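Subject: Handing over the two-chain model

Dear colleague,

I am passing on the structure we spoke about, and below it you will find a careful account of what was found. Please read the notes with the model open beside them.

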Number of protein chains: 2
Amino acid sequence: MASALTLALDAMGGDYAPGMVVEGVAVAAPRLNGARFLLFGDKARIEPLLAAQPALAGRCEIIHTEVVVAGDEKPSQALRKGRGSSMALAIEAVKEGRAAGAVSAGNTGALMAFGMMALRTLPGIRRPAICTILPTIAGDGVTMLDLGANVECDAETLVQFAVMGEAFARTLLGIARPTVGLLNVGSEEVKGHDTVRLAAQLLRETTLPIQFKGFVEGDGISSGDFDVVVTDGFTGNIALKTAEGTAKLIGAKMKQAFSRDLWSKLTYLVAKPALDRARERFDPRRFNGAMLVGLNGIVIKSHGGMDALGFANAVEVAHRLAAADIDQRITQDLKEVAAASTGAARDNGA
Amino acid sequence: MASALTLALDAMGGDYAPGMVVEGVAVAAPRLNGARFLLFGDKARIEPLLAAQPALAGRCEIIHTEVVVAGDEKPSQALRKGRGSSMALAIEAVKEGRAAGAVSAGNTGALMAFGMMALRTLPGIRRPAICTILPTIAGDGVTMLDLGANVECDAETLVQFAVMGEAFARTLLGIARPTVGLLNVGSEEVKGHDTVRLAAQLLRETTLPIQFKGFVEGDGISSGDFDVVVTDGFTGNIALKTAEGTAKLIGAKMKQAFSRDLWSKLTYLVAKPALDRARERFDPRRFNGAMLVGLNGIVIKSHGGMDALGFANAVEVAHRLAAADIDQRITQDLKEVAAASTGAARDNGA
């Protein structure tokens with residue numbers, strides 16, 4: 001990308017908006033060579049926040065709207081009542097080419113609904129999925145989807161997620177032949193419910209150029225044995241949040257262990273640099289920013305409870321994906337996949 | 001319990017059986033005042049292992065069988081081919097009153113199938129669930145079910161799990177009025193799929209004496225905000241194993257952080273006692289031993305990959321639950337629940 005990118009931000013989405021949005025942009029901006037930002041939301045609230053960030057002068061434009069999608073609104077309600085909302089306008093900016101990507105910490109269901117309505121899905125893709133990279137023991141991380149966009153998925157949708165996740169890992173992590181696993185309650189073929197078993201059968205029998213490694217259990221997500229882990233949005237969301245909760249639990253118990261007595265407290269001071277290094281690797285803010293993969297356009301979901309540092313990371317993810325032209329790459333992959341299956345179908349039919 | 005209890009053990013189930021079973025019994029036995037053990041399995045393999053544990057002399061009896069249920073057998077296959085297997089015989093010993101409880105590290109689906117066939121479910125209970133206690137930040141832990149017995153559950157089954165989990169927490173943890181949450185992808189009423197929403201509605205409207213607190217997200221399992229977390233066996237199994245995987249991931253990253261250079265290694269030595277204290281709290285072996293709650297009899301599932309220390313814990317769980325007469329207590333609870341609903345139905349009908 002020769003010219004600087006423009007990103008569209010829903011300034012009103014998330015628990016701590018618009019404050020954390022403006023602060024997040026201030027954190028991210030210096031690292032995103034010359035990127036510009038469109039901030040959609042309540043001008044009266046955003047303007048004074050922006051004024052307090054002199055480093056952002058000239059890089060932000062506020063597009064005023066008083067409509068905001070509530071966190072508990074159903075997608076159908078959001079579509080009806082949320083026309084002209086900060087979320088909808090940010091996505092429209094992507095549709096109209098005024099922004100290379102949109103970021104919102106608002107209601108996930110509404111974001112997906114607006115994304116689908118305005119941007120539509122990529123050719124051949126039925127439903128977008130929430131996709132992100134999570135830390136692993138070995139390697140550079142695992143691409144996981146769906147993390148909550150679709151609470152129910154049929155087998156064919158899971159297969160499409162596998163295709164998109166594989167392309168995502170190939171593009172963003174630079175893995176030549178990513179391995180793909182389907183999340184299940186056991187690694188044997190007989191395990192799980194009909195949907196996951198059928199999806200596995202489709203992936204085993206497919207002529208798609210996917211390196212399907214079979215079922216992966218919950219503890220295989222972070223092991224590094226799989227580059228891509230595919231599941232429905234219900235299971236994926238619960239797995240993601242259970243992992244977050246476990247990290248918090250371990251942090252709390254460590255704190256207890258290091259504050260038992262004076263000696264423990266002293267050893268904590270000695271161990272602190274190493275502990276901080278380890279902790280930093282799991283800071284959820286570092287992994288904030290998931291893509292609604294499968295849309296014609298880059299839409300990034302930031303966690304609703306994130307602070308400015310977390311939102312800054314989501315903005316950087318949007319910038320990196322836009323700069324890498326992720327959508328065009330996935331589209332290209334899907335075309336090759338389609339060509340491969342057509343070719344295979346022709347071969348089979350001959 | 002005045003007299004010593006007898007426990008029935010599937011000596012052939014699990015990755016490291018029968019070695020880890022015999023060693024596990026040797027670890028557990030000294031702590032279980034005078035308990036006796038029936039070991040079901042291949043006498044030729046078990047006898048020399050037992051001979052190496054003089055402390056177990058006179059406390060174990062081997063009941064020979066060469067039939068073993070394989071780890072990848074479907075429940076239907078296991079029922080057909082596994083009559084007379086070490087697993088089936090251990091459960092039959094419970095049915096016939098020769099043992100107060102059974103422990104197996106074998107195939108979960110088969111264990112559930114044999115358990116249901118031999119012991120049947122408690123009055124009013126449709127399906128048993130796998131139930132255990134997991135560590136939490138605040139409080140003494142959370143009772144969670146189902147951890148993998150039923151990959152698909154309808155709303156009424158989830159409600160029954162709530163009743164059983166509540167009774168389990170009340171009996172085993174001594175909590176007077178346990179709070180119950182349904183695992184979901186959000187805390188708002190509109191979140192999740194039809195089944196979980198209907199189950200929540202039933203629990204909200206019920207006259208059962210259950211303190212239903214609504215939906216709980218993945219990170220709420222370990223927070224301590226709920227005493228009981230209810231979900232289907234697919235989601236529960238994946239949440240449990242994701243938590244295990246996250247603990248392993250954090251352990252690995254901590255190890256990396258403490259081995260970066262000589263100074264880090266020295267600080268590790270200083271911090272080791274506190275780190276070990278924290279680690280011990282998450283040792284999966286400490287939490288090994290889940291109950292197939294809802295059966296007429298105590299059947300404990302040990303994790304298939306456990307070593308002797310883990311199996312020992314499962315044996316101790318069986319002993320504790322048998323000594324507490326858990327099944328009779330749950331039955332009593334269910335009767336009260338039934339009486340309450342009948343009473344309420346009468347009141348409503350009047």
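In the contact between the chains, 51 residues come from chain B and 51 residues from chain A, where two residues are in contact if their C-beta atoms, placed from the backbone, lie within 7 Å. On the side of chain B that touches chain A, the elements that give two or more residues are α8 (233–258) and α9 (262–280) of chain B, and α8(B) gives the most, with 21 residues. Helices (H or I, at least four residues) and strands (E, at least two) are DSSP runs, numbered from the N terminus. The residues on that side of chain B divide into 24 nonpolar, 15 polar and 12 charged; here Ala, Val, Leu, Ile, Met, Phe, Trp, Tyr, Cys and Pro count as nonpolar, Asp, Glu, Lys and Arg as charged, and the others, Gly among them, as polar.

Two points should be kept in mind while reading. This is a predicted model, in which local features need pLDDT of at least 70 and side-chain atom pairs count only at pLDDT 80 or more, while totals for chains, interfaces and linings use all residues. Residues are numbered from 1 along each chain as its sequence is written, and chains are lettered from A and ligands numbered from 1 in the order in which they are written.

One helix pair across the two chains can be described in detail. Helix α9 (residues 262–280) of chain A packs with α8(B) at an angle of about 140°, their axes being 8 Å apart; axes are lines fitted to C-alpha atoms, for helices over the stretch in contact, and angles run from 0 to 180 degrees between N-to-C directions. That angle makes α9(A) oblique to α8(B), since angles under 35 degrees count as roughly parallel, over 145 as roughly antiparallel, 65 to 115 as roughly perpendicular and the rest as oblique. The residues that make this contact are Ala274(A), Arg277(A) and Ala278(A) of α9(A), together with Lys253(B), Met254(B), Ala257(B) and Phe258(B) of α8(B). By class, the contact of α9(A) with α8(B) has five nonpolar, no polar and two charged residues.

Turning to the fold of chain B, 11 strands form an open sheet with mixed pairing, in the order β3-β2-β1-β4-β11-β10-β5-β6-β9-β7-β8; two strands pair if DSSP finds at least two bridges between them. β3 (60–64) and β8 (211–216) of chain B stand at the edges with a single partner strand each, so one side of each is left without a neighbour in the sheet. From one strand to the next, the twist in this sheet averages 25°. Strand β2 (residues 36–41) of chain B runs parallel to β3(B) and is joined to it by five bridges, with Gly41(B) having His64(B) as its bridge partner in β3(B).

Elsewhere in the sheet, strand β5 (residues 129–134) of chain B runs antiparallel to strand β10 (residues 290–293) of chain B, joined by three bridges, and β5(B) also pairs in the antiparallel sense with strand β6 (residues 142–145) of chain B over four bridges. Cys131(B) stands opposite Met291(B) in β10(B) and opposite Leu145(B) in β6(B).

For chain A, the domain assignment, which is automatic or from a database, gives domain 1 (1–121 + 294–350) and domain 2 (126–292). The centres of these two domains of chain A, taken over C-alpha atoms, are separated by 23 Å, and 32 residues of domain 1 are in contact with 23 residues of domain 2. α11(A) gives the most to the side of domain 1 that touches domain 2, with nine residues, and by class that side of domain 1 has 20 nonpolar, nine polar and three charged residues.

Finally, some backbone details in chain A deserve a look. The peptide bond from Ala17(A) to Pro18(A) is cis, with omega near 0°, and Pro18(A) lies in the loop between β1 (6–10) and α1 (19–28) of chain A. Another cis peptide bond joins Leu145(A) and Asp146(A), with omega about 0°, and Asp146(A) is placed in the loop between β6 (142–145) and α6 (155–173) of chain A. Asp325(A), although not a glycine, has a positive phi of about 55°, and Asp325(A) is found in the loop between α10 and α11 of chain A.

With best wishes
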